Amino acid sequence: MKRIIGNIDPENRNVSIWGAGFSGLVLGYYLKDQGYNVTIHEKSNKVGGKIQTIKTGPGLAETAANALYLNQDGLDLLKELKLEPLPATKKLKRLIFLKGKPRKPFQVSLFGKIAANSYKKPPLISDGLTVADFFRPLLGEENLKHYLSPALGGLYAVPAERLHFKSIFPLVENRAQFDSYFSFLKMFFKYQKSQPKLDISGSVSFEGGMQTLINRLAEVLKHDIKLNSKEKPRLNGNTVICTDAISASELIKDLRPEISKELERIEYRSLSSTTLFLKREIRSLQKAFGVLIPLENGFNSIGILNNKAIFPANNQNLSAYTLISPKDLTREEVLSDLKLLGPEITDEDIQHIETTYWNHALPIYNLQLFLAIKKLHQLCLKEKNLAFFGNYVAGISLRDMISSAKSFARNPTDHKNSQY
Ligand SMILES: Cc1cc2nc3c(=O)[nH]c(=O)nc-3n(C[C@H](O)[C@H](O)[C@H](O)COP(=O)(O)OP(=O)(O)OC[C@H]3O[C@@H](n4cnc5c(N)ncnc54)[C@H](O)[C@@H]3O)c2cc1C
């Protein structure tokens, strides 16, 4: 688990948080649970940050996270919040767009390649190693492009060449070398097996979408959130900055210029989330969770989710799909992607399109981010009451943020499990 950067002083029971996105809310929740008095400063007029569920005429449209992938901490949080999760339909096909249509990713040729190369010794795990460098000898260039990059692109929105190996696979910890790919894969299966069995597993949403989770956290913290806040941190007490790295850099510029410079180095990826309501189903995505799309296929999107199949209770009327794209999609671009997936779809089938574009959607988990985070941990070791949290610190997923926030609130001075 990745540790929050910096420290708060547990002797001082007041904590000021900047940002009421998911990271600020979940950290505020756990700190309050530990008896701290929390004040959350949010510059906009609403809580949730990127996570908003828009109620359109035909149905719900998420602007960022569509689901929470559960671990034990996530499940415990939902129980504490008395929230009833809506589990995703199990056993849906997860497809990759290959040779002109969506197909199951586990093709015989891929398995053959993995089996034939699993005896090989992977490259040394250095700080500079990318995910592509590590897997190239196992998979070969073609499979990297067709399987691994789209699979990781679905999570991190950049290809394997840009992803920093140690950041994406923190499980390897300080191991410098594996004897073979087989022993690397074995480590993963062993880890999976060691995980506790959960009452509910996989991805979940809520009746009313992800906004329900945000609203419930905000309800617990309702006396502690200041919307439309223009205040700046003064560092005269415990301060945790839970914004994106760019805003964090700006907020701390005058007080801690060295920290601000490191935060500025963190790069972001732009992305849009487009929810599309159709009068008919896309045939090639029937009974599918969605499809991941390798970059060079003429699509504008890198992944398409089949919302009605995943969460039928939240999509009872029309067929609904979410397109994730690096661009701010126009209606023509949406239609062009639909035509590539299902030539039967016409413009008349489109009931409604809801697009949200984020200029700084997700931090890029590259070497630059790894080095910046390492330096920030060092710089903040001497800080007694300043900490930083958000999806550039603990991982992109809500699940990782829940675990890091919980562990920090319970033990804010404990650095022994820190990766750095
Ligand atoms: C398209 C998309 C799909 C995604 N899908 C998933 C998914 O399915 N599952 C999953 O787990 N994750 C998903 N994610 C990731 C997840 O949504 C994000 O990691 C998470 O919402 C980020 O939360 P945050 O609190 O770090 O940042 P933000 O949501 O950016 O919140 C930061 C907050 O800080 C506030 N702020 C900024 N500057 C200041 C200031 N000066 N003073 C006060 N407040 C300030 C902002 O207004 C904002 O409210 C997705 C992300 C995107 C973009």
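Two strands count as paired if DSSP finds at least two bridges between them, and helices (H or I, at least four residues) and strands (E, at least two) are DSSP runs numbered from the N terminus. With that settled, here are my notes.

1. A word on the model. This is a predicted model, where local features need pLDDT of at least 70 and side-chain atom pairs count only at pLDDT 80 or more, while totals for chains, interfaces and linings use all residues. Residues are numbered from 1 along each chain as its sequence is written.

2. The sheet. Six strands make an open sheet with mixed pairing, in the order β1-β18-β12-β2-β3-β11. The edges belong to β1 (5-7) and β11 (225-226), each with a single partner strand, so one side of each has no neighbour in the sheet. Strand β3 (residues 37-41) and β11 run parallel and are joined by two bridges. In this pair, His 41 stands opposite Lys 226 of β11.

3. The helix on the sheet. Helix α1 (residues 22-33) packs on the sheet and touches β2 (14-18), β3 and β12 (238-241), with contact meaning that C-beta atoms, placed from the backbone, lie within 7 Å. The direction of α1 makes about 165° with that of β3; axes are lines fitted to C-alpha atoms, for helices over the stretch in contact, and angles run from 0 to 180 degrees between N-to-C directions.

4. The two domains. An automatic or database assignment sets the domain bounds, giving domain 1 (5-51 + 210-265 + 367-410) and domain 2 (91-198 + 268-363). Their centres, taken over C-alpha atoms, are separated by 29 Å. Ten residues of domain 1 are in contact with eleven of domain 2. On the domain 1 side, α12 (367-380) gives the most, with three residues.

5. The ligand. Around the ligand there are 37 residues, each with its C-beta atom, placed from the backbone, within 6 Å of it. Gly 19, Gly 21, Ser 23, Gly 49 and Ser 247 come nearest. Elements giving two or more residues to this shell include α1, α8 (245-252) and β13 (268-278).

6. A helix pair to look at. Helix α2 (residues 72-80) packs against α13 (398-410) at about 80°, with axes 8 Å apart. The two helices are therefore roughly perpendicular (65 to 115 degrees; under 35 counts as roughly parallel, over 145 as roughly antiparallel and the rest as oblique). Asp 73, Gly 74 and Leu 77 of α2 meet Arg 399, Ile 402, Ser 403 and Lys 406 of α13.

Definitions and conventions: Contact = placed C-beta atoms within 7 Å.
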